Amino acid sequence: MTLCAALLMTSMSMQAQKTMTPPAGGKAISDHLIGIFFEDISSSADGGLYAELLQNGSFEYNPTERDGWGAGTAWRMLRPGHSLGRMEPRMDAPLHPNNPTYMRLYIERVNEYYDYTGWKGFGLQNDGFEGMAVKAGAKYDFSVFLRNVEGNAKQVRVALVEPQGWGKDPKLLAEATFEAGAANWQKYEAQLTASENSDKAVLQMLVLNTGTVDVDMMSLMPADTYKSHGLRKDLAEALEALHPKFMRFPGGCVVHGGGDGFWNTYRWKTTVGPKEQRRPLKNTWGYHQSMGLGYYEYFQFCEDLGMEPLPILPCGVSCQGTNGGWFMKDQAQEWVPMEEMDEWVDDALDLIEWANGDATTKWGRVRAEAGHPKPFGLKYLGIGNEERISPEFTERFKYMYNKIKAAHPEIIIVGTAGPGSHAGNPDYENGWKLAEEINLPILDEHYYEQRDYFLSSRQYDNYPRDRKTKVYLGEYAAKDKKLIDALAEALYLIHVERNGDVVEMTSYAPLFARKNATNWNPDLIYFDNERPFLTCSYYVQQLFGLSAGNYYYGDCVTIDGKTNLQEQSVVLNTKTRQLFVKVCNASADTKQASIDLSRFKGMKSVATKTTISGQAEDENNYEQQPIEPKKETIKMKKKMTLEMAPYSLVMLQIQL
């Protein structure tokens with residue numbers, strides 16, 4: 001036997017030893033209960049997870065998105081030394097039809113006798129999203145498309161500066177110069193290295209010669225992004241630390257255009273090509289989507305984190321909130337004629353080909369040309385989001401479902417139970433009726449409730465075990481962000497683990513919210529330009545994501561004087577041979593938990609204990625972060641007593 005063969009056999013033997021047979025008394029549950037749901041709400045994408053530092057770099061902001069917006073939003077005209085010129089938004093002969101607006105600069109006079117911190121000329125300044133946070137020594141990649149309309153080749157200087165106030169020269173942080181002479185659109189690039197830290201930097205671009213220049217698709221990206229894939233590193237790392245098993249995207253109400261109608265429906269095909277060819281869109285939540293974070297980046301991020309992608313596609317039915325429908329008695333749901341439904345079906349089939357087809361297929365080639373020759377391996381596809389389960393929705397959903405299943409029986413389709421997934425809600429009842437009629441694999445339930453609901457409700461205990469349709473709890477949260485709310489969610493997640501034979505997946509919502517641009521509260525992660533702010537609920541999600549397993553044991557822990565404010569679970573991961581004991585106490589009283597793990601063989605003598613605890617009203621926010629998990633190594637016995645402090649969640653992580 002060769003050395004390589006021996007090493008291979010040893011590796012295979014170790015892997016075989018690693019996977020264990022679960023002891024009796026447990027039940028098989030889903031091992032991907034905890035995932036994430038990303039929707040571009042509260043500026044989660046542009047100005048958030050998408051690492052682009054410039055705002056409105058393509059000059060496509062317009063008044064249909066927000067009153068007072070236009071091509072010049074987030075831009076300022078620069079005239080150092082009283083140079084002369086003017087700016088003009090234009091749409092003739094654009095860089096690409098999907099991005100029709102650009103800015104024309106007429107440079108009439110450059111003052112040669114005034115040197116403004118090394119600057120002269122005429123140009124533009126972009127303030128980013130409330131300024132830009134840059135770090136000393138960090139590199140930033142600048143790019144812009146220019147067209148030299150009139151005059152000789154232009155000298156162009158770009159710089160990161162920090163404004164110092166009225167009448168004072170800005171502080172120069174980084175600069176670069178290049179020449180632009182092409183008469184047709186051409187991309188120019190430069191790299192800037194910041195000389196010092198700044199939390200209020202801006203970008204300036206000045207043309208140093210007279211003449212006329214067209215400008216479009218200006219960009220400034222940190223060179224150091226998450227795995228070099230264009231996502232803001234600290235926010236992506238915060239998601240990585242959740243250990244999510246899947247990601248649902250891009251929404252949410254973003255999927256079907258929210259309250260604006262079909263013209264504003266999110267169409268994945270306009271988000272996967274080169275950035276300058278993507279079609280920006282008004283966001284449902286009242287701002288702009290550049291689509292710099294599009295389907296290609298979503299799938300790539302899923303691959304980077306080892307998550308299953310769960311894209312959600314519209315199904316020819318609008319949000320019932322269209323044109324103020326939320327305030328109408330019957331709600332103003334709209335739908336496309338059935339004879340036009342093949343367009344929506346084709347979008348779904350083409351997405352599967354784009355994600356899973358090889359480079360010889362039409363859409364697989366588009367993915368390969370974008371830089372990903374290997375298929376992504378799509379397994380799940382969601383159809384619809386929170387639509388009212390009307391007869392019109394049912395007809396169109398069944399049409400899409402049958403067409404997709406006929407072409408791709410391997411794809412697991414996720415449906416929707418409408419908004420407010422509780423017994424007695426007509427959409428919930430109709431959604432489950434439809435799911436059972438067609439044997440839908442997974443149905444997506446949503447509910448946002450006060451903490452009392454999560455403290456007391458145990459609805460999945462009563463779900464029929466003979467249903468073929470599993471539950472995806474796709475959007476949920478207690479309606480506050482105090483520790484007691486997070487513990488209420490922890491109690492509910494333990495309840496979900498107990499019912500992991502019925503519930504397949506869960507994802508808290510919303511995921512992100514930018515400071516000073518928040519559409520919805522609470523959220524899992526708040527952030528500004530410099531850092532994320534992690535909530536109490538974040539740490540609960542992190543703990544449950546870390547403790548994923550495939551067997552549940554409900555009789556290993558006994559809590560003295562147990563009420564609805566205490567719950568426990570024991571979850572086994574047979575692949576990693578790890579055992580997770582979780583006990584939650586959401587009351588003001590100290591509780592004793594008796595643990596008996598005698599059935600588990602080969603238990604190590606030490607374990608990792610993680611504790612989340614504090615006062616009920618404690619809250620992590622921009623000013624303070626009192627709640628953070630505390631880890632310690634403890635001696636482990638098969639039979640032991642665990643004291644539960646008031647308002648606490650404890651997890652023991654044990655190696656077998």
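Q: The expected span of a helix is 1.5 Å times one less than its number of residues; what distance does helix H7 reach from its first C-alpha to its last?
A: This model is predicted: local features need pLDDT of at least 70 and side-chain atom pairs pLDDT 80 or more, while totals for chains, interfaces and linings use all residues. Numbering runs from 1 along each chain, and side-chain values use heavy atoms, without hydrogens or water. Helices (H or I, at least four residues) and strands (E, at least two) are DSSP runs numbered from the N terminus. With 13 residues, 426-438, H7 comes close to its expected 18 Å, and its reach is 18 Å.

Q: Within what arc do the buried residues of H7 fall?
A: Buried means under 20% relative accessible area and exposed over 50%, with partly exposed in between (1.4 Å probe, protein chains only). In H7 the buried set is Asp427, Tyr428, Gly431, Trp432, Leu434, Ala435 and Ile438. Taking directions from the helix axis to the C-beta atoms, these residues line one face of H7, because they fall within an arc of 160°.

Q: Which exposed residues does H7 carry on the face turned away from its buried side?
A: Start with the covered side: helix H6 (391-407) and strands E19 (412-416), E20 (442-449) and E21 (470-478) are among what covers the buried residues of H7. The face turned away from that buried side carries the exposed Pro426, Lys433 and Glu437.

Q: Which residues does threonine 394 contact, leaving aside neighbours within four places in sequence?
A: Threonine 394 belongs to helix H6. Valine 317 sits 77 residues from threonine 394 in sequence, with their C-alpha atoms 9.8 Å apart in space. Counting contact as heavy atoms within 4.5 Å, the partners of threonine 394 are Ile389 and Leu434.

Q: How far apart are the end C-alpha atoms of helix H4?
A: H4 covers residues 341-356, and its buried residues include Met341, Trp344, Leu351 and Trp354. Helices H3 (295-305), H5 (362-369) and H6 are among what covers that buried set, as are strands E17 (308-313) and E18 (380-383). At 1.5 Å a residue, the 16 residues of H4 should span 22 Å, which agrees with an end-to-end distance of 23 Å.

Q: Which residue of E24 stands opposite alanine 513?
A: Two strands pair if DSSP finds at least two bridges between them. An open sheet of 3 strands runs in the order E23-E24-E25 with mixed pairing, and its edge strands are E23 (512-514) and E25 (532-534), each pairing on one side only. E23 and E24 (residues 525-527) pair in the parallel sense over 3 bridges. Opposite alanine 513 stands tyrosine 526.

Definitions and conventions. The expected span of a helix is 1.5 Å times one less than its number of residues.
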